[in-house]
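Okay, thanks for having me, everyone. I'd like to walk through some charged contacts today, so let me put the thing on screen.

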4 protein chains.
Amino acid sequence: MIERYSRPEMAKVWSDENRLRAMLRVEEAFLSALSREKGIPSGQLARLRRSMDRSLLQASRGKEAVSGHEVIGLLQAVSARLAGKAPQLERYLHYGLTSSDVLDTALALQLRQACGLLLDGWRRLASRLRGLSRRHELTWMVGRTHGVHAEPITFGVKLAGWHAEALRNIERLKRARELIGFGKASGAVGTFSQVGPEREAATLKALGLRPEPVATQVVPRDRHADYFHALVLSAAALERWAVEIRHLQRTEVLELEEPFGDGQKGSSAMPHKRNPVLCENVTGLSRLIRSYETAAVENCVLWHERDISHSSVERVYLPDAHIALDFMLARMRTILEGLEVHRGRMRRNLDSSHGLVFSQRVMLRLIDAGLGRLKAYDIVQRNAMRTWKTGQAFQRALARDPAVARLLSPRELAACFDLGAYKRSVRALLRRGGVL
Amino acid sequence: MIERYSRPEMAKVWSDENRLRAMLRVEEAFLSALSREKGIPSGQLARLRRSMDRSLLQASRGKEAVSGHEVIGLLQAVSARLAGKAPQLERYLHYGLTSSDVLDTALALQLRQACGLLLDGWRRLASRLRGLSRRHELTWMVGRTHGVHAEPITFGVKLAGWHAEALRNIERLKRARELIGFGKASGAVGTFSQVGPEREAATLKALGLRPEPVATQVVPRDRHADYFHALVLSAAALERWAVEIRHLQRTEVLELEEPFGDGQKGSSAMPHKRNPVLCENVTGLSRLIRSYETAAVENCVLWHERDISHSSVERVYLPDAHIALDFMLARMRTILEGLEVHRGRMRRNLDSSHGLVFSQRVMLRLIDAGLGRLKAYDIVQRNAMRTWKTGQAFQRALARDPAVARLLSPRELAACFDLGAYKRSVRALLRRGGVL
Amino acid sequence: MIERYSRPEMAKVWSDENRLRAMLRVEEAFLSALSREKGIPSGQLARLRRSMDRSLLQASRGKEAVSGHEVIGLLQAVSARLAGKAPQLERYLHYGLTSSDVLDTALALQLRQACGLLLDGWRRLASRLRGLSRRHELTWMVGRTHGVHAEPITFGVKLAGWHAEALRNIERLKRARELIGFGKASGAVGTFSQVGPEREAATLKALGLRPEPVATQVVPRDRHADYFHALVLSAAALERWAVEIRHLQRTEVLELEEPFGDGQKGSSAMPHKRNPVLCENVTGLSRLIRSYETAAVENCVLWHERDISHSSVERVYLPDAHIALDFMLARMRTILEGLEVHRGRMRRNLDSSHGLVFSQRVMLRLIDAGLGRLKAYDIVQRNAMRTWKTGQAFQRALARDPAVARLLSPRELAACFDLGAYKRSVRALLRRGGVL
Amino acid sequence: MIERYSRPEMAKVWSDENRLRAMLRVEEAFLSALSREKGIPSGQLARLRRSMDRSLLQASRGKEAVSGHEVIGLLQAVSARLAGKAPQLERYLHYGLTSSDVLDTALALQLRQACGLLLDGWRRLASRLRGLSRRHELTWMVGRTHGVHAEPITFGVKLAGWHAEALRNIERLKRARELIGFGKASGAVGTFSQVGPEREAATLKALGLRPEPVATQVVPRDRHADYFHALVLSAAALERWAVEIRHLQRTEVLELEEPFGDGQKGSSAMPHKRNPVLCENVTGLSRLIRSYETAAVENCVLWHERDISHSSVERVYLPDAHIALDFMLARMRTILEGLEVHRGRMRRNLDSSHGLVFSQRVMLRLIDAGLGRLKAYDIVQRNAMRTWKTGQAFQRALARDPAVARLLSPRELAACFDLGAYKRSVRALLRRGGVL
């Protein structure tokens, strides 16, 4: 992922060094499980761990250039480094293992690290949402369906919905982290042909992972594709909110504004601009993450006990998607922390549709007063269409319609236009959304 | 979905009639929850249920053509049907509800039905896999990585891996069914503005569903996109197996053949052909199902309290993907039930690579005998490359190499080529795969 | 594709009958090319054509159920139909052909028909756009970037952009139609092993198609994937416009409204609603069409001289995407024909941002008057931000700023706020967009 | 794109420096077009060009960190650099332009550079294919459909098909390069509100680009999505060939082998392995490139006169896809240059199916001898199925079948098994594929 969208901590998880480190950790855990049987002194094991540094990475790359094989390159580099100093280790390093044992298990370690960071990001975001939702529990605004005024809601309820979505995404990532916490040390074609299942058990236990029940030569890729969907849906949630803020920041609406810094410029041509560019950025990055999913799923269909076509795909999409999502989470936090909420404008917009947002209530009162539903609907719609056209206050229009006046007293009609009635379940909704 | 790929039971779930029926079931459950408060006699409720038949569907469509609104079309048709016979019901039908309450809750009912059928399909397939895997516990064949001979496996182990994948998919679908078992009756913009949460609770309980904690006007679409991934991965699993069978049926390999019926023809031009067309069909249908996922995820990003852009997408992709997957499951069952397993050929193929498949074992024995890993690798590779080139038996080549002969006695070398050693963990793998 | 989104003419292209008819046309053209050499009387050829009817389709299906092969089913059904009446034809039918010769060539015929209908749809839409664009050449509205007021445009210019996009799509579809106008009659594995290239030339010429230079057993699928992209982009164009109309129909903006029929209802709960549901429908269908592209591209990678995994995919995505796009084109025409354009509202919205939309002009005048760009930018931005905050008229704010007043006379400043200046290139843009 | 898959020349096109350089080139071309009117001395223009160096990039980034705007950051950095030395230039730099004028036009320059490199890659590959195809004009091998032996082909014909596909991709990329050679200098919202079309004409002419007829504030993204499809199909072609080589390298087939270097290792566990890892790498990268397409198409649907959600997507997918495809082209060239073609094995495989590959020929001779097609088919199929089962030579089986012997003399039957007859159109096919 390009630097522009990378934050250091997540980028580090996906660095070449960290990959190498994870690989060596796996080799070491396996050697350790083998050490008693093969008589490998623990001092030699310690040497292995210490051998990891940047120069090893360089050496390993140099060897790979000849062998065309990443793991062999690493083994050669380690051997060269330890030459003569750790003879048993040199002999038994990677003993009975195949590259995928190391690569897939190391990948599981990286994915768990990365997933942990994403969970942190989500939790901090959720916490911010809780605060905002509580503060705006009774900040009235119009609810919109199809982009058109529907009925009153509060901004707090909208945010409670976001919070509930955040919780769903946290649950998904937690499940994903479980899903992906599987490694293997079953060797070539996964049959434990050279070293039995006990070594795998010990190795993975030491690494905090579980053994893939039946691996081919690789951990099956449906696991990774399943895992990845949690990222895609996380991104889609952030995209949905970003799109919402963009809508609410349009000039005619202007109920929300994402933060706009001192010294910030909106346009090189038009000095007056304040644009929701952070939200647009989040929108775009979600497209990118979403697009990787096809490749993730295609990776499931490896041939026989495995081919290696998934490798190039994973070297790109896994780092890129994690880094981009981590960035989006941080960016959304920035947005929410600096979010300007224009309560006055929310209220003015709510009022601007002449009371039409109370139409359902009028219809139901007419029904309660004895009208059939279809009839009541027609009467209310007829008046509403007039209001759309003329801009006349809806309540007045209804009051003048004999079909209404016959059934509802002025007072009853007025009660339909009372925002108070819409308050009834607000608190319950915040509670249901986990905000209270 | 076109008829060619539709099985009646699943097609029925997605029929217009069943959709309508589910919608009426929701309306009825809600009315029932409201009946005491609004004084709706239970006889009138029963009328509602009885009103569902094909002619109602026609009538409903006719009304929709005018109103441009599916739910209103239905309400009008029902009202016309009940005119005068159930006055309270006519008045309170859909009282305080919005269309999405009915549509999304009805969709949840359909999805649970459909998901149940998929689970049945998977369970039957898993059972078949168990039988096959046990039968072939010790049917030796070559394990292949990169399409190239790797090490010996048994066909039973391969199938145990499939079975483990089947179990993962069953788990996924069970979770998916839970995920999707949410409805809503919170009305316009999801705020319970007209009828409170208790009615929703009663309604959904009667339908066996749970309330969406904070809905906008719709059940949030991340739920559906999450659900759908289980179908995509199910399809990918079947595709993986289909591709495997296709590989194993190629003329030069011919270890497996999918069933080929009496009277079946493989080609209009070449009468000799027996092609794995059922497996190719499964392969193609998985591409189709996979492709829908992008649309499913894009649907998450609805505007504000909802727009209706998801509706057209769901009217197509949900039925199509369920029907296609149901068809694939049945087809794979047919394939496995008629699968011809050519054990003799499996063994001949295993033997055809001159013993190269035992190369790792030789290398490890050289290491055990005191060689460093890299050195041992080079010696074995050198001999293997000669065998690739000349076709000379690998064991003989090694026996003649002084570097090998110095360390391994002829007997020790011969032991490396003993299939028996590869048997050690077979049973454990079948157990791990849930087969035993 | 479900009936709801199917128009009869396009649906007919993709009917089973039409598919069969196209297949028979190919068989007949090939037989005809062979007739002199093989002595097939022309009367027998005529019988073939006449044999096509619905009952042949049924018979063909019945045969296919046994042979598992669509083309063989057809050949058997035709033979049974002609039994004894056309002996030479019966013998030489399909002589030297393979199924793909018939299927792929017939598909080319269908695709050309279908593409023709799409082109008609686009042309009619373009014509409507031209009219609208001309009519609104000088209907002023605000141009928006990031959803925020930018500078004045005219609705005619916006539509000229749509028209230019329509023209691009027409060009794309014309190219696509050329691309797809390729058939083959080169037999099994495409080598003309039984009947030479001259027969292919004659056959395809009679059908108005060109020969695939080097086919495998099939016409290569990159052709179809290339073709399909024209549909995807067509759909994306319509989606872009639909999204634009949805934006402009939101309550706070309300510059456009899609047609809302008499008797139409916007919501089952809220009688006041007028929602842009047609546009939302177009939006959703584009997602669907877009999603098929992955499958179309995956189809390119067939094995060896072909496998048949593409077939199931194409049986679904090609009809569905054509039918959906045809529907979208018609729907967009309906939308544009009934589009309500609220000029007054456009003007009010343009004026509502207090003159900020003229900020660039002020900045450039300051530069012309001698200021450096960065300095000019800062002065204008400073005043603009004040206007955003206070709602004070931008012109007045500037007039009071000594940094401005020093360089621009009141008259010069006022000239910056003259809409007339923005009119200069309107006509040129309409011309460039092909509208004039 | 990660370094592993980057080649320097293509990476350079997408470097930050090159991006900046392209942006400055656009600014300069525009200034130059404006210079007479605004009186900008040519010496100042030259300064602008000289100001581009790495430190400007750093300075520009620093400014962007404050303004949150890439183009403004650059303008500020340039201004700081030129402070006092080029006053007119400083004033008129970017005069009347908006950021997208610079960004989109610069992107067009980069895309043309990048596309040129891809075309080079394709041309070199095509040249290699021509050589290989000619050399193997008469290298017989079996043609396979469904992975099953079909009829004889020559390797030269297979490669002629690849060459024809290469030519199609070259045509596509040439068209794509035309498509993308459009820039804009029409300013904010694309209306030439401050500087007229003549300046745009002069600017773009100097850059070798054409003006977008009607831009919004950006060059419309359907252009980029259309362009991008050429990359996706290029990748799919390479994937198809890679998959083919992988198939032909499987142990049981072994007709081809990708190059395997001295010192190369196939597996860390199994020293005998020679795996088609280069081809698998090509396969994976195609998945990646294909996956980006969804995002490219979603980018088409920008809001109003533009939003900037496409930007983050393009910063990633455009470089990544070009770099990956460039790498794939080079890798495929490496593969073809070192490809080992095992003619002997090809012939042995062809012969291994007992003559079944000649079944069509026998059927047609029976038809020529007077049998009806269906009858002839059944006779030949019956014998073929026996051969499949028993491995008995197909010719012998037929010879013993009275139904055959009655119509074909032993000599006529033998003639059906003569490879010579399949040679007839080989040369024509190479010619049709552009190889001769």
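Let's start with Arg246(B), which counts as buried at 2% relative accessibility; buried here is under 20% relative accessible area, exposed is over 50%, and partly exposed is in between, using a 1.4 Å probe and protein chains only. Before I go on, the ground rules: this is a predicted model, where local features need pLDDT of at least 70, side-chain atom pairs count only at pLDDT 80 or more, and totals for chains, interfaces and linings use all residues. Residues are numbered from 1 along each chain as its sequence is written, chains are lettered from A and ligands numbered from 1 in the order in which they are written, and side-chain values use heavy atoms, with hydrogens and water left out.

So who does that arginine pair with? Arg246(B) makes a salt bridge to Asp307(C), with 3.0 Å between the closest N and O atoms. By salt bridge I mean a side-chain nitrogen of Lys or Arg within 4 Å of a carboxyl oxygen of Asp or Glu. This one runs between chains: Arg246(B) is in helix H10 (222–249) of chain B, and Asp307(C) is in the loop between helices H11 (277–298) and H12 (309–337) of chain C. Helices are DSSP runs of H or I with at least four residues, strands are E runs with at least two, and both are numbered from the N terminus. Asp307(C) is buried too, at 0%.

Next, a pair inside chain B. Arg274(B) and Glu340(B) form a salt bridge, 3.4 Å from N to O. They sit 66 residues apart, Arg274(B) in the loop between strand S5 (256–257) and helix H11 (277–298), Glu340(B) in strand S6 (340–341). Arg274(B) is buried at 12%, while Glu340(B) is partly exposed at 30%.

Over in chain D, which partner does Asp226(D) have? That's Arg175(D), closest N and O atoms 3.0 Å apart. Asp226(D) is buried at 7%, and Arg175(D) is partly exposed at 23%.

Over all chains, the structure holds 155 salt bridges.

Last item, domains. Chain A is split into domain 1 (3–92), domain 2 (99–259 + 266–348) and domain 3 (356–416), with bounds from an automatic or database domain assignment. The centres of domains 1 and 3 of chain A, taken over C-alpha atoms, are 76 Å apart.
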